[in-house]
Amino acid sequence: MARKPAPQGSDRRQQILEAALDLFAEQGLNGATSKDIAEQADVTHGLIYFYFKTKEELFKAAFEYALEQALDRLDVAAIAQSDDPPEEALTRLLTRVLDALNTPRMRSMSRLMLHTMAHDDWSVGPLHECKLHVRDTIISVVDAVRVYLDRQVELGRIRPVNTEIIAKFLIGGVVSSARWTHAEGRDEAAPEAVARAIVDACVRGLLRTD
């Protein structure tokens, strides 16, 4: 049967990335073949290699594509500029982070990344670049939270603290929560409930005041 032409104006590279994400998540880096990805994307096999020289490069591009989609949903620029009080702004941001990390695709990609890191060399090449991209993404979110906290210190809403450490604590807390959930394959508490618990512990502390 002849292959259907791609819809006019469609972004074939994006079609390939979407198909690759689904198949990598389902079958892993070694299990998903370029032929399967081409069939899923409804493009010719040769077109895969027009855009990506190797399957590892395709994996890197697909992973970065998913990460960028998640980052867009976070709107980190808004948190850096927000004047909302910490218990509102931080809970809102951490909830968004958890919502982004807990989508079925990101859960699958997280498990895939952990599995791939255990069986493939991440010290060089596209897989290493993928790991660095994850690190840089986390750093950008931490920096936005730090800027927000600095502003809250200036407004007198929170006492002077090392805002970089607090920002790392907040973002590290939700990322670790999601990572444990993904690794164990179980459901987590509602994202907003997790976010509120972390923010409450940070903003109000753990010691009783009564």
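## Overall fold

The protein chain of this predicted model contains 10 helices and 0 strands, and, read from the N terminus, its elements follow the order α-α-α-α-α-α-α-α-α-α.

When the contacts in the protein chain between residues at least 6 apart in sequence are considered, 71% of them join residues that are at least 24 apart.

## Aromatic pairs

Across the whole structure, a search finds 4 aromatic pairs. One of them is formed by Phe24 and Phe59, whose arrangement is edge-to-face, with 5.3 Å from centre to centre and 75° between the planes. This pair links distant parts of the chain, since Phe24 belongs to helix α1 (residues 12-31) and Phe59 to helix α4 (residues 55-74), and the two residues are 35 residues apart. Phe24 and Phe59 are both buried.

Another pair is that of Tyr51 and Phe52, which is classed as tilted because the ring centres are 6.2 Å apart and the planes stand at 45°. The two partners can also be described by their accessibility: Tyr51 is partly exposed, with a relative accessible area of 34%, whereas Phe52 counts as buried at 3% relative accessibility. Ring pairs also link Phe24, Phe59 and Phe63 into a cluster.

## Cysteines

The count of disulfides in this model comes to 0, where a disulfide would require a pair of cysteine sulfur atoms within 2.5 Å.

Val203 is found in helix α10, which covers residues 191-203. With a relative accessible area of 36%, Val203 is partly exposed, because this class lies between the limit of under 20% for buried residues and that of over 50% for exposed ones.

In sequence, Val203 and Pro86 are 117 residues apart, yet in space the separation between Val203 and Pro86, taken from C-alpha to C-alpha, is 7.6 Å.

Notes:
Residues are numbered from 1 along each chain as its sequence is written. This is a predicted model: local features need pLDDT of at least 70, side-chain atom pairs count only at pLDDT 80 or more; totals for chains, interfaces and linings use all residues. Side-chain values use heavy atoms; hydrogens and water are left out. Rings of Phe, Tyr and Trp (its six-membered ring) pair if their centres lie within 6.5 Å; planes under 30 degrees apart count as stacked, over 60 as edge-to-face and the rest as tilted. Helices (H or I, at least four residues) and strands (E, at least two) are DSSP runs, numbered from the N terminus. Buried means under 20% relative accessible area, exposed over 50%, partly exposed in between (1.4 Å probe, protein chains only). Contact means heavy atoms within 4.5 Å.
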